[in-house]
Each structure stands twice: as structure tokens, then as C-alpha cells.
Amino acid sequence: MGMQGSGKGTHAKMLAEDFDLEHIAVGDILRWNVQHHTKLGAQVRRTMATGLLVSDDLVENVVKQRLSEHDWNFGFIIDGFPRSERQAEFFLESYDLDGVIYLELPDSEVARRVLARRLCASCGMDYNLIDNTPTVEGRCDVCGGELIRREDDTPDALEVRLREYHEKTNPVLDIFRRKEYVITVDTRPDKEQVQQAIRDKLGISSPGPGATRSQDDTR
Ligand code: AMP
């Protein structure tokens with residue numbers, strides 16, 4: 001969990017890769033649907049563009065459907081969910097959680113990071129114009145695709161997203177804190193340092209699923 005621009009996607013991907021977890025990003029699933037003009041995409045497009053949260057029912061169905069694929073033998077790391085108290089209740093009732101990573105970022109840093117964020121229109125790779133710039137300006141290092149700004153990474157949409165975060169998502173952290181699930185990591189240092197701090201606090205410093213779990217140890 002964490003505010004916009006706190007690095008949820010980046011750190012989730014790094015953990016997923018080393019620990020063989022499935023990375024599930026609700027925002028990415030929704031954006032895929034918008035880009036591919038699906039029925040679901042049409043339902044969420046305007047809401048997402050303005051920065052509001054989409055309905056709990058819809059998001060719960062997306063998560064339920066995604067997790068029902070059961071491709072997560074070693075577990076999953078989910079980013080951008082839950083973002084409301086109702087989503088948190090649904091999640092706690094339906095799945096076993098090991099922990100919650102809270103990436104802490106002061107409000108003053110959020111706008112600077114979000115407005116510098118760019119995304120490859122072809123492969124979805126993330127960049128930011130502060131410390132992760134592409135080699136060729138405006139082009140993706142991986143596939144050469146065009147780098148664009150997310151439709152909701154604008155000052156107006158960001159204001160709405162931050163309001164939604166404070167009103168609806170902060171209470172979720174309190175629920176998880178009461179259950180003592182939460183580790184908090186300052187996300188201002190560079191991403192390697194932050195990733196190391198996450199692993200230290202979770203006590204998972206040695207990567208590799210073989211080292212910690214067997215193939216049969218599904219959840
Ligand atoms: P993200 O990529 O996580 O910043 O999410 C982008 C947008 O997708 C949000 O501003 C919401 O409109 C929508 N969204 C993503 N996750 C959720 C969620 N758990 N609940 C409601 N809306 C969500």
C-alpha cells in the first residue's frame with residue numbers, strides 16, 4: 001500500500017520476480033481493459049480518468065476472477081488493493097494474508113513523482129523523468145514504444161486521487177495495523193535501498209522459492 005507514486009508497482013515487481021510470486025496490479029488490469037476497449041474498460045474509463053475510485057463491487061469481481069486462476073503457487077503480491085474498508089473486509093474474509101507493506105511518502109513528494117511518471121504505450125514499462133529516464137527521450141528502452149503520461153497523472157486527477165486516498169484508503173491501513181500486519185518503509189531513498197529495507201523488515205532477505213517453500217506448498 002502507499003500513495004500514488006510511492007513505488008508500489010516497482011517494489012511489487014521486484015519481490016514477485018525474486019520470490020516467484022504472482023504480481024497482481026488492479027490498476028494495470030483496469031488500464032488493460034480500457035486500452036482494449038472491453039465492456040469492463042468502458043465501465044471504468046471515465047472514473048479512472050477523473051481520479052476517482054471505481055466501485056467496490058466491480059473491483060472485488062476483478063480480484064476474485066484474477067485470483068481464481070490459481071497460478072500463484074508460491075503466493076501473490078497484490079498492489080492497489082484493497083483501497084476501501086469494504087474491499088479490505090472482503091479481502092480479509094476471502095484470502096490468507098501474510099503481511100502488508102506500507103510505502104511511506106510525504107505528500108510533498110507525491111506530486112513531483114507522479115507528474116514525472118511516464119509509461120510505454122506498447123509494453124507498459126514504467127519510467128520517471130527524475131531518476132529512471134529512458135536512453136532515448138520519449139522512447140521505451142525495451143521495445144522502442146512511445147512513452148506517454150497516464151491519463152490520470154495530471155494535476156487535476158491527482159488532486160482527486162489524493163483526496164480519495166486520504167478518505168478511503170487510509171482507514172484500510174488502520175484496519176491492517178490493528179491486525180499487526182503492517183511493515184512501514186520510507187520510500188524516499190533509491191529503489192534498491194527501499195527494496196532491501198522491505199526484505200529486512202519482512203525477514204525474507206534470501207530470495208528463491210526453493211529455499212523457503214516446496215512446490216507443493218500452495219495456499
Ligand atoms: P493505480 O494504477 O493503482 O494508481 O490505479 C489507477 C486507478 O484505477 C485508480 O485511480 C482507480 O480509479 C482505479 N483503481 C485501481 N485499484 C482500485 C481499487 N482497489 N478500488 C477502486 N478503484 C481502483
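# A quick walk through the model

Okay, let's start in helix H7: Ile175 sits in that helix, and at 12% relative accessibility Ile175 counts as buried, because the cut-off for buried is under 20%. Before I go on, please keep in mind that this is a predicted model. Back to Ile175: pair it with Ser94, and you have two residues that are 81 apart along the chain, with 16 Å between their C-alpha atoms.

Stay in H7 for a moment. The helix runs over residues 155-178, and Val160 belongs to it too. Is Val160 buried or exposed? It's buried, with a relative accessible area of 16%, and again that's because buried means under 20%. Now take Val160 together with Val185. They're 25 residues apart in sequence, and their C-alpha atoms are 25 Å apart in space.

Next, helix H8, which covers residues 191-202 and holds Ile198. Ile198 has a relative accessible area of 1%, so we call it buried.

Leu115 and Asp153 are 38 residues apart in sequence, yet C-alpha to C-alpha they're 6.0 Å apart.

H1 has 12 residues, 8-19, and at 1.5 Å a residue it should span 16 Å; the C-alpha atoms at its ends are 16 Å apart, so the two agree. Which residues of H1 are buried? They are Lys8, His11, Ala12, Leu15, Ala16 and Phe19. If you look down the axis of H1, those buried residues fall within an arc of 135 degrees, so they line one face of the helix.

What happens just after H1? There, Asp20 takes a positive phi of about 55 degrees, although Asp20 is not a glycine. You'll find Asp20 in the loop between H1 and strand S1, which is 22-25. With a relative accessible area of 40%, Asp20 is partly exposed.

His70 is another one to look at. It has a positive phi of about 50 degrees, and it isn't a glycine either. His70 lies in the loop between helix H4 (56-67) and S2.

And while we're on backbone details, move on to Phe81 and Pro82. The peptide bond joining them is cis, with omega at about -5 degrees. Pro82 is in the loop between strand S2 (76-79) and helix H5 (85-94).

How many residues surround it? The count is 16, and the closest are Arg31, Leu52, Gly80, Arg83 and Gln87. By class, the shell has eight nonpolar, three polar and five charged residues. Helix H2, residues 26-35, gives the largest share of that shell, with four residues.

Let me point out some polar atoms around the ligand. Arg31 has a polar side-chain atom 2.9 Å from an oxygen atom of the ligand. For Gln87, a polar side-chain atom lies 2.9 Å from a nitrogen atom of the ligand. Then there's Arg150, with a polar side-chain atom 3.0 Å from a ligand oxygen atom. As for cover, the ligand taken alone exposes 480 Å², and the protein buries 96% of that.

Note on methods. Residues numbered from 1 in each chain as written. Predicted model: local features only at pLDDT ≥ 70, side-chain atom pairs only at ≥ 80, totals over all residues. Heavy atoms only, no water. Helix = DSSP H or I, 4+ residues; strand = E, 2+ residues; numbered from the N terminus. Expected span 1.5 Å × (residues − 1). Buried < 20%, exposed > 50% of the residue type's maximum accessible area, 1.4 Å probe, protein only. Arc of directions from axis to C-beta. Near = heavy atom within 4 Å. Polar contact = N/O pair within 3.5 Å; in protein donor to acceptor, adjacent residues only side chain to side chain. Areas by Shrake-Rupley, 256 points an atom, 1.4 Å probe, with all protein chains shown as cover. Nonpolar A, V, L, I, M, F, W, Y, C, P; charged D, E, K, R; others polar.
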